[in-house]
Amino acid sequence: MSNPYAKLPNWAEYGLIPLVNLVVAFLVAGLVVLLVGENPLNAAYHMVNGAFGRGEYIGFTLYYATTFIFTGLSVAVAFHAGLFNIGSEGQAYIGGIGVALACLWLDRTMPWFVVFPLAIIGSAAFGAMWAFLPGWLQAKRGSHIVITTIMFNFIASSLMVYLLTRVMKPLGSMATQTRTFEAGGQLPKLDWLLSIFGLNIGNAPFNVSFLLALLAAFGVWVLIWRTRFGYELRTMGHSPSAARYAGISETRITIIVMMISGGLAGMMALNPIMGEQFRMQLDFVQGAGFVGIAVALMGRSHPAGIIPAAILFGMLYQGGAEIAFEMPAISRDMIVIIQGLVILFAGALENMFRPAISRAFASFGQRSAAVQTKGA
Amino acid sequence: MSDLAIELRGIDKSFGLVHANKDINLQVRKGTIHGIIGENGAGKSTLMSILYGFYQADRGEIVVDGKAVVIKDPNAAIASGIGMVHQHFMLVENFTVLENIMLGAEDSQVLNTSISKARVELKRLEKEYALEVDPDALIEELPVGLQQRVEILKALYRKADILILDEPTGVLTPAEADHLFRILGQLKDQGKTIILITHKLREIMAITDEVSVMRRGEMVATRTTKETSVEELAELMVGRRVLLRVEKGEANPGAVKLSVKNLTVRDGRGVTMVDNVSFDLKAGEIVGIAGVAGNGQSELLEAISGIRRAVSGSVVLNGSTVDVTGHVDPGALRSQGLGHVPEDRHHVGLVLKFDESENAILGYQRDKRYLNGPFLNMEAIRAEAEEKIQKYDIRPPNAKLKTANFSGGNQQKIVLAREMERGPDVLIIGQPTRGVDVGAIEFIHKRIIEMRDRGMAVLLVSVELDEIRALSDRILVMFAGRVVGERGTDATEGELGLLMAGVEGPKEAAE
């Protein structure tokens with residue numbers, strides 16, 4: 001039997017449905033705010049104002065968005081191959097080692113534009129390595145990638161605790177972090193980019209890794225839709241049996257895709273480590289890997305969708321912090337609830353409104369269809 | 001009371017821009033067998049799904065037994081006395097017959113009493129309609145024909161007076177199909193009304209009283225079966241005259257191109273599916289493998305094409321030995337001159353979510369002419385796809401359209417164009433016309449013959465005996481994984497049918 005829901009036009013598929021999901025998520029979030037005894041409109045104002053009200057706020061929003069673009073791309077690449085990489089969190093965490101090593105090694109002698117490429121390679125290599133093992137286990141041993149990547153998140157976490165308490169911490173320091181990098185380990189801010197629009201970046205850590213994120217997004221698009229490897233990985237993602245028929249090696253694709261996915265996740269570490277903190281701290285990823293799953297879902301695993309979705313989550317992070325500050329009754333945890341609702345409606349329940357919207361389109365499209373089919 | 005069991009008035013249904021049913025009117029008289037035929041995508045299944053409550057019509061009225069009814073889901077359909085036997089059975093494999101029949105019709109939360117009640121009722125139904133089946137047998141242990149009988153009993157148990165059968169003979173041997181028709185005849189004699197959806201014209205002629213023809217979402221004609229002919233129906237279905245018989249000349253077999261020796265293949269559960277099969281395939285001939293679905297034909301094709309590993313045996317393709325018991329790269333076989341049209345185009349031969357042009361290179365994605373280094377050469381891919389669309393008359397002629405949006409026949413043409421146009425030495429084809437409309441069948445058959453005449457060696461597997469007989473120069477019959485006989489083109493249907501049922505299998509005792 002054919003698919004009961006006809007294909008929607010692209011603008012509805014990629015624009016309207018996510019928008020409806022988002023609006024519903026915010027409505028429910030508004031109810032929660034109401035329950036706490038605060039005015040939801042007020043909260044909405046603080047959210048939007050806190051995210052976009054000033055150049056500095058925008059800088060923070062885009063700083064968070066940079067992080068989520070990397071992790072969103074990471075999840076999306078694996079997703080196209082039919083692999084659900086839950087391990088972006090851990091891969092990003094381990095990727096930090098690559099960034100830190102490059103910076104600790106050269107920050108005193110080299111300028112940032114020499115350290116940055118090395119840090120990129122380092123972060124991607126470490127992230128890829130951390131994803132290689134689950135990929136290899138899936139391809140060769142059939143261990144399910146969802147399970148292994150979750151487990152690898154915990155292993156990564158423990159490993160980093162060890163490294164940051166024993167190995168990478170400066171002697172005599174009580175803080176679980178590396179030493180602070182000198183100029184060579186600090187990425188320049190994108191204040192000039194904001195000032196084009198007449199905005200003042202203030203203290204926001206919005207830095208050049210944003211440009212790298214955009215480049216990575218383009219690269220992912222090319223990889224998936226314009227290369228032979230992308231063709232093979234999509235074939236496997238849509239239909240493993242067709243991939244076998246076409247002589248595509250599942251083992252090879254699984255391992256390489258996981259390494260690319262891990263590499264992208266690892267590059268996320270550049271943003272907080274070289275762009276904001278100028279040192280590697282315990283727990284610097286802060287759940288960005290998991291947010292990446294929501295970003296990828298909401299962005300339909302397409303780079304053009306991932307970038308706006310990442311900015312949306314950047315807004316939730318930055319604007320949410322502002323709400324917590326301005327409205328004391330709303331705690332930081334409430335913000336997590338709101339983010340959770342967005343993930344719930346945009347990710348998990350993304351198809352909830354599809355039948356209704358499809359039906360609306362079907363009845364709406366009928367009159368015009370009658371005209372069109374005569375021509376066909 | 002009306003003498004019409006069902007009347008549909010002005011049924012209209014669209015899915016988005018697809019207008020699946022256009023203002024359909026249909027009258028089915030009580031106590032008759034009413035056939036509905038049409039090509040794939042003509043809207044038969046949609047219409048029946050509306051009648052059975054899977055979909056809602058956008059407009060129109062359903063009248064059952066003189067009363068206008070609203071059928072909002074299958075439960076409402078059952079309440080109106082309409083039962084459906086699906087093409088793909090809706091049975092729980094590891095339940096018994098009795099449990100399946102009760103499923104969804106239990107009287108209470110506690111099953112004990114309803115089980116014994118159901119048993120009594122089932123016995124009565126079995127006797128009344130001569131539909132014997134062991135109530136305690138597990139579904140998975142029953143042959144397909146009996147499973148279908150369970151489906152029919154399920155509908156009768158729910159007191160259906162009107163039975164809809166959707167392509168019921170697709171999975172049956174000729175003998176089983178005959179048996180089904182006898183059952184349908186009995187049901188008719190008992191006053192039941194039967195709607196038979198099929199694309200097989202011969203079935204329509206054999207058992208229906210009236211027949212309605214659908215084409216492109218419209219009901220184009222209703223005829224009394226006795227007063228019509230296969231030719232007229234085919235013409236009504238397609239909208240033009242069709243050549244029902246394939247015209248082909250003598251075969252001119254040349255050198256052996258594919259040699260299969262003692263091939264044994266097991267499935268995932270370790271059950272032997274192909275048992276010590278040997279045959280040769282020569283250039284310029286079509287060898288057909290007949291058999292009821294599930295007797296090892298699929299696994300044989302998969303082993304030869306490198307998708308499934310064989311346990312033992314050897315395959316020589318074009319003079320070079322293929323290590324079928326080890327790891328085989330299907331891509332390497334392609335470059336050695338093997339073309340493969342798989343049985344299951346939806347899951348194997350195509351990626352339905354891909355554009356047409358992307359599917360046109362599936363399996364050949366490493367060919368240099370589609371690549372610029374690691375990048376896809378989009379222009380070359382598009383150009384070649386468009387050329388094949390022209391040559392194979394694939395409709396709609398849009399290389400950027402998602403493959404899922406093509407009809408079954410056109411999807412099959414996409415696969416055939418891809419596998420045939422490179423001129424492989426050996427072409428293996430599984431179910432070339434399954435789910436393909438009459439117009440496209442004619443085209444596909446002509447192409448296959450053409451390929452043979454060009455010196456290609458063609459191995460053809462089909463569960464349609466007519467197709468095997470029409471195309472093959474030699475016929476091998478498979479039963480329970482073995483080749484139980486080889487016949488020439490002069491073999492009768494009865495003779496092949498017996499072989500397919502394993503009756504004349506020489507090694508049957510060894511089973």
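Predicted model: local features only at pLDDT ≥ 70, side-chain atom pairs only at ≥ 80, totals over all residues.
How are α3(A) and α4(A) oriented to each other?

**View 1. Helices α3 and α4 of chain A cross one another.** Helix α3, which covers residues 55–80 of chain A, and helix α4, which covers residues 88–106 of chain A, have axes that come within 10 Å and cross at roughly 125°. α3(A) and α4(A) are therefore oblique to each other, and their crossing is right-handed.

**View 2. Residues of α3(A) meet residues of α4(A).** On the side of α3(A), the residues A:T71, A:S74 and A:V75 take part, and they meet A:S88, A:Q91 and A:A92 in α4(A). Sorted by class, the contact of α3(A) with α4(A) has two nonpolar and four polar residues, and no charged residues.

**View 3. Four strands of chain B form an open sheet.** The strands follow the order β2-β1-β4-β5 in chain B, and their pairing is antiparallel. Because β2 (18–29) and β5 (67–69) of chain B stand at the edges, each with a single partner strand, one side of each is left without a neighbour in the sheet. From one strand to the next, the twist averages 25°.

Technical notes
Residues numbered from 1 in each chain as written. Chains lettered and ligands numbered in written order. Pairing = 2+ DSSP bridges. Helix = DSSP H or I, 4+ residues; strand = E, 2+ residues; numbered from the N terminus. Axes fitted to C-alpha atoms, helices over the stretch in contact; angles between N-to-C directions. Parallel < 35°, antiparallel > 145°, perpendicular 65-115°, else oblique. Left-handed = near helix turned anticlockwise from the far one by under 90°. Contact = placed C-beta atoms within 7 Å. Nonpolar A, V, L, I, M, F, W, Y, C, P; charged D, E, K, R; others polar.
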